[in-house]
Amino acid sequence: MSATAWAWLVLLCPLVGSIVCALGYRVVPARAAGAIGTLAVGLAFLCGVAALVNLLGDPAESRHHASSLWDYASAAGLDIKLGIYVDPLSIFMVLVVTGVSTLIHLYSFGYMGSDAGYHRFFSYLNFFVFSMLLLVLAGNFVLLIVGWAFVGFASYALISFWYRRATATRAGMKAFVINVVGDIGLVLAAFLIFQQLGSFDYTEVFEKAPEVFQTNEWTIVAICLLLLVGAFAKSAQLPFHTWLPDAMEGPTPVSSLIHAATMVTAGVYLIARTHVLFELAPTAADIAAFTGLATLLVAGTIALVMTDLKRAIAYSTMSQIGYMVVGVSIGAYSAGMFHLMTHAFFKALLFMAAGSIISAMANNQNIDDMRGFGKAMRFTSIAMLCGSLALAAFPGTSGFFSKDEILAYATDRGGMYLIFTVLGYVGALITAVYTFRLVFRVLPGKPCKEAQELIDTGHLAHETPRNPATGEVEDTDVGFPGPEHHIAEQTPSMKGAMAVLSFLALFAGFVQVPGLDHMVISFLEPVWEGSPLAAIEPSTASSWVGLAIGAAISAVGIGIAYWAYVLRPEVPGKLIERFGWLHTFLANKWYFDEAIDLLVVRPALAIGRFANRSFERFVVDGLVNGTRETVGEAGSVVRAVQNGFVRSYALLLLVGFAGLALYFLITSS
Amino acid sequence: MNIEWYLVLSSLLFTIGAVGILIRRSPIVILLCLELMLNAGNLALVAFSREVGNQQGQVFALVVMVVAACEVVVGLGLLVAIFRRKLPMNVDDLRELRG
Amino acid sequence: MFFIAAIGAVGGAIGVVAARNPFYSVLALIAHLFSLAVLFLLLTSAFVAAAQVVVYAGAVMVLYVFVVAYVGEGGESAWEPIPGQRFLAPLLGIALFVELSVAVLSSALKALGTHGPDVPAGFGDPAAIGTLLLEKFLLPFEATSLLLLIAAVGAIVLANKQKSKEDDAPGVPAQRNLVQGGGAGLPSPGTPAKQPGEGSPVAPPPTQEARA
């Protein structure tokens, strides 16, 4: 079978899995739904591998195939096909998405075991994987937007999965609204592309673009900026990032899949895919790069003071995606994608470990209450350590190689881009500090009461179920988390998934060691051929210098964290006292939520209220109610004829007869 | 007499019957007026039959008589049933079918 | 002769419409029917005239007499509930008469102005009619006999049941609404839900014992 045929199968499997889990929720027993979901995505992964093998059989220049099922809309100059585009970039994304998704499905199989909405969860999760694959495999902008929108919906459905929690539904709505803003940008960009280039198809657009546009012409800059709006909303970059921390209201597997490994990387994929357009609009590319840099730093600083475990990891995600955005904006496409892959591994792993710990803490997510889990949960703490080492770019781990790849490229490009290198390393330092802040606060030390209970009895603490954000007491029925909590040590499926990811987090970097092998770069190279930026390749020597600097910084960061949280635990307290204003500023997330509320939300609500009072009430309601009243009046007038009196009916009858007779008399005379 | 006199007479009787239906409220009288109208029709039929020279009109008139008889039977049966149920014998008070 | 009979017919008709007591209306109709019989004779339709007297004036009117005697109806109130009816009806009548007369008098039928063609001797005799009935109009003849049968059965059905429901029928309180409400036709609050057939005077309720 050809690569495209396998690709269609890749799309089909999770879709079928989603439908089966959704429709069969009465018929299929609970665990079977989980198995079906996991199997579906696993099959998709295998089909992806088969497509890869198939693709590798082609010579490098011709490793791109488009295939379409049918013409979706073909009239008046539009020619949109339901088509996919299989090339190294899409297969790369497919493998990352399906691979990590399979492991996360496996994790959820155990983690969501006692939840009343088990079927619904796996149906949504499979649907999400399907939409993400659709996004990645799309061969034209229309299908991309379709996948984009589906992914947004799936994210909404999964964030507000525990739908009877008010905080969860609000978070879901927030995420969806911000995503829709991004969708608008994307759709407008697509319109502009069609207007300028006359097609939605990738191959045609990317061929024609260099001929039609001059460098930095305002149209292409506008297109790229609109694409960026979409990308940033999806990937939680400034200023569209406020939904991501709130999205932690969803179950941990959701955070791990959507908000670490896959959905938030859609923006990065978009920029990489449309790199041709961005190279024609360097202004937009620079704006993207600087936004990514800003996000990197802002998110890193916020993560330093976050006390909610999942939210801290969420800000870390934001920060790392900032790295990826910087990477694909300045031209380090393969490096950016490599970091995407390694980040998927270790971030998913970190979320999984966090989920395990939070389960042990009976859904309490505050790290102030957590201590001593190193002793209580051996496996989880080892997994967390692996993930953290990779995140902090400890030498030898996957994160080490991938992050520094990007920074080495920035150095090589030189000029203004050295800012990225410098600030990128600053960011790496902050990353190391906040990562190991979490590690050193949660794992070592005298066990907290939940951990102690685990050590002593081997059972989990089960307090009254509470909403972790507001503290109010909750139910455990449908729409809320289930009554049981699952930790990795007791659930084999969780253990298996985390083990695989730990291995990958530690060792996946070795596919791309500078000077030794460059599997990722050489695989992805054909995608960017013809691009002047992608041709810049840092030399082995400069790469190793970068790696050395990175290693040093990572070690320093870990050391700082160790000193502040293990050796001298009173230091953070004193720092907070002394720099109180800074701490408050960071703890309030740089006041972005408040700013958006003031600048966007309140004016919008005011406009809505005004429109309701003025236009809606008079014009729309007037039309509708007026019509209703007119019809009603007319009806009552006509209704008066039927008064129930036989004699009046007889009268009418005879009147009619007389009238007819008159008519015939007149016409026949 | 010319046939047209009979026809005019027939239409006169017909209209008297029609007006009677419209004016009277007792069901019995209404049925009687209905008989008037039917008989007017019969007269017209027989007149035409004589005018054409054909006896088919008379046969038709006979059939009309039979139908009238049946209708009277059923109508009076209804009337008797209404009376038995102690409902008012007044066409205006039986108006459940109002819209 | 024609005019006498005509005046009799019209007089009878007006009597039917105008009489207060329904019994007088019946009598007026009988007079009317006899006049019509005379008119039929004038039109050489002997058999129809005879049938008119025997069937119509004889049987049907007797039936009416029986019913009027049984029902014993009195007069009607003067107040007219339908606005405009008393005014419009005569107007309509005049209009109708004028129209029909115009239709008749101005029609193009040639024979109207004459007595009609010369007819053979047996025109309108029972023999002639009988032949027609049994030869040309056999099907209508049989159909009418069927119709008569159905009417007879219908009469029996209508007259038959309700014996046990007559006096203290549970539907009766609901029937009272037809007297008082006259309007909405909704059952009073205390009435239990009835089957659709119960409220109407015609259809027998299925719970009724069959009275063959």
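**Entry 1: chain C**

I began with chain C, where buried residues make up 36% of the 212 residues; buried means under 20% relative accessible area, exposed over 50%, and partly exposed in between, with a 1.4 Å probe and protein chains only. This is a predicted model, in which local features need pLDDT of at least 70 and side-chain atom pairs count only at pLDDT 80 or more, while totals for chains, interfaces and linings use all residues. Residues are numbered from 1 along each chain as its sequence is written, chains are lettered from A and ligands numbered from 1 in the order in which they are written, and side-chain values use heavy atoms, with hydrogens and water left out.

I then listed the elements of chain C and found seven helices and zero strands. Helices (H or I, at least four residues) and strands (E, at least two) are DSSP runs, numbered from the N terminus. In the loop between helix 2 (22–42) and helix 3 (46–71) of chain C I stopped at C:Thr44. C:Thr44 is not a glycine, yet has a positive phi of about 50°. C:Thr44 counts as partly exposed because its relative accessibility is 30%.

**Entry 2: backbone in chain A**

I looked up A:Ala393 next, in the loop between helix 17 (378–391) and helix 18 (398–413) of chain A. A:Ala393 also has a positive phi, about 60°, although it is not a glycine. A:Ala393 counts as buried because its relative accessibility is 4%.

The peptide bond from A:Leu238 to A:Pro239 is cis, and I noted omega near -15°. A:Pro239 sits in the loop between helix 8 (218–235) and helix 9 (243–246) of chain A.

I also checked A:Met341, which is in helix 15 of chain A. With 13% relative accessibility, A:Met341 counts as buried. From A:Met341 to A:Ser402 I noted 8.8 Å, C-alpha to C-alpha, across 61 residues in sequence.

I used a 1 Å grid over the protein atoms alone: a cavity is a set of points where a 1.4 Å probe fits but cannot get out, a pocket is an open set with protein on both sides within 12 Å along at least five of seven lines, and lining residues have an atom within 4 Å of a point. Grid points are joined across faces, edges and corners, and a volume is the space filled by probe spheres set on the points.

I found five cavities of 30 Å³ or more. The largest cavity holds about 260 Å³. It is lined by 25 residues, and A:Tyr111, A:Trp162, A:Pro251, A:Asn363 and A:Pro481 are the closest to its centre. Helix 14 (309–330) and helix 15 (333–360) of chain A each supply at least two lining residues. By class I noted nine nonpolar, nine polar and seven charged residues in this lining; Ala, Val, Leu, Ile, Met, Phe, Trp, Tyr, Cys and Pro count as nonpolar, Asp, Glu, Lys and Arg as charged, and the others, Gly among them, as polar.

The second largest pocket has a volume of about 670 Å³. Its lining has 21 residues, with A:Leu304, A:Tyr565, A:Pro572, A:Leu575 and A:Ile576 nearest the centre. Among the elements giving two or more residues to this lining are helix 13 (282–305) and helix 23 (540–567) of chain A. I noted 15 nonpolar, three polar and three charged residues for the lining of this pocket.
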